Amino acid sequence: MKKVFGSLALTLTALLVFTGTGFAGGTVLDEIMAAKTIVVSTDANYAPQSFLNDKGELEGFDVSVAKEVAKRMGIKVKFVTPDWDLITAGKWGKRWDLSIGSMTPTKERKNALLFTTPYYSSPAQFAIHKDNKTIKTIKDLAGKKIGVASETTNERYLQKDLVIEDTKITFQNWKAGNLKTYPTDANHIEDLSLGDGLRLDAVFSSRQTIAEAIRTGCGKGCPLTMLGEPAYFEPICFALDKSRANSDSLLTKLNEVIKSMYDDGTLVKLSEKYYGTNLIPKL
Amino acid sequence: MNGDTLDPTLSSIPPEAERVLAQNINQQKKYKRKLIISFIVLGILMITTLIVIGLDFKFMAKWLPFILAGGGYTILVSILAISLACILSVIGALGRLSKNPVINSIATAYVSLIRGTPLLVQIYMWYLALPQIGLALEGLGLTGIQSLFTLHAIPAGILALGVCYGAYMTETVRAGIQSIKIGQTEAAKALGMTSGQTMKRVIFPQAMRVIIPPVSNEFIAMVKDSAMVSLMGVWEMTYRAMKVGRRHFQSLEMLVMVAMIYWMMCIVLQYFQEKIEEHMARGDRRM
């Protein structure tokens, strides 16, 4: 208990200090370097990108990338975990500096956020319940109930309304019978695991998340199988708050850091550690 | 007083009445016993249901300490928010009863607006809209004001809960003040007290007796509504339960567990509420 209140007292003092700072008119990079800490937001709903490990600490591909970025900038990293909608909405008001949360740079998000060069590429994958005998190919999903996380690129893809610059996307030529949206991917995977056709016939998520669910989820592996090849690959970037003035210096610095992580093979190593496969595109 | 009438209870109650009394006591005992048995049966039924639906108890036990560690935030947010709500409700109630049209309209609008909008929306407003106001003010030339308006998750949550419950409690406090008979005010006036003195020394101490039980009720409700600050990334109990559940694709186990923890907390609070109520009702019983 003492420890809890100690950390609370610390947070409260930190708040007071925070409200006192930020009067300097320098660039965002200067502010961060002066504070010696970069505050990174991440969405801890997605294993193995970002999740709570057995000790209740943040872990995952995104978390490791964030730590590496801070290390290369010679500063400390601090994580915050706001709701996904609060991250994509932009206008963070300096509550955090950077989002490393497997975000795709869509056209709409670019209105509120700035994006770095991609740090990996994520395959989007359909999956069905393993007891299902009738759905053989992706085309068989026409008219079925499909679960998808709301405000994600996967939802946009199924609505045939997804635009990502420099990425070619072929939409499916069929329509889902019922597109059911969920707060996050774990919810629809659990719903499909309840039984074939009970609430859902299929889910659409990132291949990594589905692979993790099949491997360790639902107690002893969720009863799902992947269906067909990935529908598309999306570039994944860091995001910055567009409404914060003088962010260019930070963006340039982050792109340099990402380049150096490509060059010495760090990203490939992390991808193989967390995803079991190389999801890093050739530059 | 001689030896025969030493025990007044024995001598003053006729034997027929005594039999009825004993019967009553017996019935009460039986009722209590049956009540306890019913509760035990209900408890067993609940536990069996949980076992039948196949919950992973090992998984739940493993994560229990981690979830419980979030209880500190739940209690901190609730206590600070109820304190804020108490202050706001007294100010609000005095405003609602005020004869000054400006003050009265502000208090009425506050209650109407806050009671008329969902708490969830209000929480997003405190978190998202305030920095926007700050930005707009900065545009008007007040440099540096935005950082004051950009609240972090915990203060934003405390403000949202405190302001919301303050509006509901304003009506409780107002009703409490109005429940005191006009004669009290008149008597105070006859003694030469000003209206401020009347409120402070005569009306309010009596109104407190009416107000405090419903306020402790509101506090119990608030402990559960504090779960909503998890939206902003505060690692309180609900947040921890949701994230662990999603990580292992076993949300049901975690939700059942966190529900049980809230329930236990509320049982403890309910006990204190009953004690407070008894304490507050003492005056009535003596009369």
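Helices H9(B) and H10(B) are roughly antiparallel to each other, a term for angles over 145 degrees, whereas under 35 is roughly parallel, 65 to 115 roughly perpendicular and the rest oblique. This is a predicted model, in which local features need pLDDT of at least 70 and side-chain atom pairs count only at pLDDT 80 or more, while totals for chains, interfaces and linings use all residues. Residues are numbered from 1 along each chain as its sequence is written, with chains lettered from A and ligands numbered from 1 in the order in which they are written.

H9 covers residues 182–190 of chain B and H10 residues 195–225 of chain B; their axes come within 10 Å and cross at roughly 155°. Axes are lines fitted to C-alpha atoms, for helices over the stretch in contact, with angles from 0 to 180 degrees between N-to-C directions. Helices are DSSP runs of H or I with at least four residues, and strands are runs of E with at least two, numbered from the N terminus.

Which residues of H9(B) meet H10(B)? They are Gln184(B), Thr185(B), Ala188(B) and Lys189(B), facing Thr198(B), Val202(B), Ile203(B) and Gln206(B) in H10(B). Contact requires C-beta atoms, placed from the backbone, within 7 Å.

I turn to chain A. Its domain assignment gives domain 1 (15–120 + 235–275) and domain 2 (121–234), with bounds from an automatic or database assignment. Their centres, taken over C-alpha atoms, are 27 Å apart. In chain A, 17 residues of domain 1 are in contact with 17 residues of domain 2. Helix H4 (84–88) and strand E11 (224–241) of chain A each supply at least two residues of the domain 1 side that touches domain 2.

Definitions and conventions: Two residues are in contact if their C-beta atoms, placed from the backbone, lie within 7 Å.
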